[in-house]
Amino acid sequence: KVVKSKAYFKRYQVQFRRRREGMTDYRARRRLVQQDKNKYNTPKYRLVVRMTNRDVICQIVYSRIVGDFVLCSAYSHELPRFGLPCGLTNYAACYATGLLLARRVLTEPPPGRQVPWCRQRYWRDFRG
């Protein structure tokens, strides 16, 4: 007896690629990025930290229908410019990369936003 006939495979729907590869749990992702309905189109920001063998990546991300957008990011390979020459994947480097990201978010104007000419010098001085 054939259990899976031609009619079965006609109706079969393939799962999303990231679900098939086991990379994304879409139920958990929906709970993570879904914003309250009374906040309308306000972005819900989240801090994403990725650790590789050679680097630490910190990003502030928000979601839209078309995909995720990165508001700001910092990498641990940028730390030697600030006086941390080695050990870019240890606990201290993770902490310092998070501080670098926070400093960037709080001092730089959001992308696509016009800064009045009288305040341009202020933003330039704090950019580092």
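In this predicted model, the structure holds 5 aromatic pairs. One of them joins Phe16 and Tyr26 in an edge-to-face arrangement, with 5.3 Å centre to centre and 70° between the planes. Phe16 lies in the loop between helix H1 (6–11) and helix H2 (17–20), while Tyr26 belongs to helix H3 (residues 26–33), so this pair ties together parts that are 10 residues apart in sequence. Another pair involves Tyr62 and Phe69: the ring centres are 5.8 Å apart and the planes stand at 25°, so the pair is stacked.

The table gives the accessibility of the residues in the two pairs described.

| Residue | Relative accessibility | Class |
|---|---|---|
| Phe16 | 57% | exposed |
| Tyr26 | 32% | partly exposed |
| Tyr62 | 19% | buried |
| Phe69 | 35% | partly exposed |

Attention now turns to helix H4. Helix H4 comprises 17 residues (residues 91–107), which at 1.5 Å a residue should span 24 Å; the end C-alpha atoms are 25 Å apart, which agrees. The buried residues of H4 are Ala93, Thr97, Leu100, Leu101, Arg104 and Thr107. Viewed down the axis of H4, these buried residues fall within an arc of 150°, so they line one face of the helix. An α-helix has 3.6 residues a turn, so residues three or four places apart point the same way. Tyr91, Tyr95 and Leu106 are exposed on the other side of H4.

Thr97, a residue of helix H4, counts as buried because its relative accessibility is 0%. Apart from neighbours within four places in sequence, Thr97 is in contact with Val56, Cys58, Ala74, Tyr75, Ser76 and Leu79.

How values were computed
Residues are numbered from 1 along each chain as its sequence is written. This is a predicted model: local features need pLDDT of at least 70, side-chain atom pairs count only at pLDDT 80 or more; totals for chains, interfaces and linings use all residues. Side-chain values use heavy atoms; hydrogens and water are left out. Helices (H or I, at least four residues) and strands (E, at least two) are DSSP runs, numbered from the N terminus. The expected span of a helix is 1.5 Å times one less than its number of residues. Buried means under 20% relative accessible area, exposed over 50%, partly exposed in between (1.4 Å probe, protein chains only). The arc is that of the directions from the helix axis to the C-beta atoms. Contact means heavy atoms within 4.5 Å. Rings of Phe, Tyr and Trp (its six-membered ring) pair if their centres lie within 6.5 Å; planes under 30 degrees apart count as stacked, over 60 as edge-to-face and the rest as tilted.
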